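Reader: Hi! Could you walk me through this one, please?

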Amino acid sequence: MSEPPIDLIASFMDDYFAESEEHIASVRRCLLLLEPVLDGADPPAAAVEELFRSFHSLKGISAMVELREAERLAHEMETCLGAMRDQRFVLTGSAFDALVEGTNLVDRVIAARRNGGPIP
């Protein structure tokens, strides 16, 4: 079996990067909704669910392009959000900061792949 044409691979990667950008934008919008409810109030269930789904999707599409670092990070974020969704985890200020840092790191990993640079 021959290798797929380079144009097909480039097109697939372009689709990956576009979809990743959409998920990261969604994550950032949802994080803005969570920030006001740190340390006590229940976070909006819809925002937590959307965050969970976005990281689940990022995990899956990163696995498809074999970007293991983004896949693993998204998996860890998904696990944390699943615990929050199931009320086994309280959103504290430090947990929120970790979610923001994790989001930024996923974004940097994807950007590094896009630019052909070293993966952070």
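Reader: Which residues in H2 meet H3?
Author: This is a predicted model, where local features need pLDDT of at least 70, side-chain atom pairs count only at pLDDT 80 or more, and totals for chains, interfaces and linings use all residues. Residues are numbered from 1 along each chain as its sequence is written, and side-chain values use heavy atoms, leaving out hydrogens and water. In H2, Val48, Glu49, Leu51, Phe52, Phe55, His56, Leu58, Lys59, Ser62 and Ala63 meet residues of H3, among them Ala74, Met77 and Leu81. Contact means heavy atoms within 4.5 Å, and helices are DSSP runs (H or I, at least four residues) numbered from the N terminus.

Reader: How many nonpolar residues does that contact have?
Author: The contact of H2 with H3 has 11 nonpolar residues, with 4 polar and 6 charged. Ala, Val, Leu, Ile, Met, Phe, Trp, Tyr, Cys and Pro count as nonpolar, Asp, Glu, Lys and Arg as charged, and the others, Gly among them, as polar.

Reader: Thanks! At what angle do the axes of H2 and H3 cross?
Author: The axes cross at roughly 155 degrees and come within 8 Å. They are lines fitted to C-alpha atoms over the stretch in contact, with angles from 0 to 180 degrees between N-to-C directions. H2 and H3 are therefore roughly antiparallel to each other (angles over 145 degrees).

Reader: New topic: which helices supply at least two residues of the lining of the largest pocket?
Author: Helix H2 (45-64) and helix H3 (68-85) each do. H2 gives the largest share, 3 residues.

Reader: And how do the lining residues divide by class?
Author: The lining has 8 nonpolar, 2 polar and 4 charged residues.

Methods: Parallel < 35°, antiparallel > 145°, perpendicular 65-115°, else oblique.
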